[in-house]
Amino acid sequence: MKLVVGLGNPGKQYEKTRHNIGFEVIDYISKEYGIPLDKSKFKGQYGIGMINGEKAVLLKPLTYMNLSGESIRPIMDYYDIKTEDIVVIYDDLDLPVGKIRLRQKGSSGGHNGIKSTIAHTGTEKFNRIRVGIDRPQNGMKVTDYVLGRFMKEEQEALEIIVKKCSDACEQWMKEPFLQVMNIYNIQ
């Protein structure tokens, strides 16, 4: 069983914001593979189904971004999922909109959701898909920027990247993450 986690913040006011790109990817995968997010437990909303012949759990932590690990760790424990069998999808200021980077380990890079995930899993070694949201311009505060919505001209790139994240997750169900990294990091 594999765990696909999309980071974000719960609530209408955060829908479609840059910080909630992980939630958008989970919603897309849920629709694409007919896995309803119909369970509420472990401080999150989740669903279980099949992707590419592999049993998968899709999770949206409802703890708010800074406490994401409080949802991830209990679901890992309950379903006996190892850290090498999780992937966490989240926004990244250091990548331009329309780009993704897959990694198998690393620091939080200042991302509080990843900081919490590292604290609760006890390791920096877990699969990640970083989704580019770019950096704020004109002196805008980072918090205002990440909690803001994508601009109209970014929408097309956003739709493509959400599908690409879904495709990478699907491929990971049948191939080692390192192989998936080698494919998606050169695009």
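This is a predicted model: local features need pLDDT of at least 70, side-chain atom pairs count only at pLDDT 80 or more; totals for chains, interfaces and linings use all residues.

**Salt bridges and a helix**

I looked up D27 to begin with: D27 is partly exposed, with a relative accessible area of 28%. For the burial terms, buried means under 20% relative accessible area, exposed over 50%, and partly exposed in between (1.4 Å probe, protein chains only).

Residues are numbered from 1 along each chain as its sequence is written, and side-chain values use heavy atoms, with hydrogens and water left out.

I searched the whole structure for salt bridges (a side-chain nitrogen of Lys or Arg within 4 Å of a carboxyl oxygen of Asp or Glu) and got 10.

D27 pairs with K60, with the closest N and O atoms 2.8 Å apart. K60 sits in strand 4 (residues 54-61) and D27 in helix 1, 33 residues apart; helices (H or I, at least four residues) and strands (E, at least two) are DSSP runs, numbered from the N terminus. K60 is buried, at 9% relative accessibility.

I also checked R18, which forms a salt bridge with E154 at 3.0 Å between the closest N and O atoms. R18 and E154 are both buried.

Then I turned to helix 3 (residues 112-121), where the buried residues include G113, I114 and T121. The buried residues of helix 3 pack against helix 2 (69-79), strand 5 (86-92) and strand 7 (127-132). Just after helix 3, I found G122 with a positive phi of about 80°.

Key: Contact means heavy atoms within 4.5 Å.
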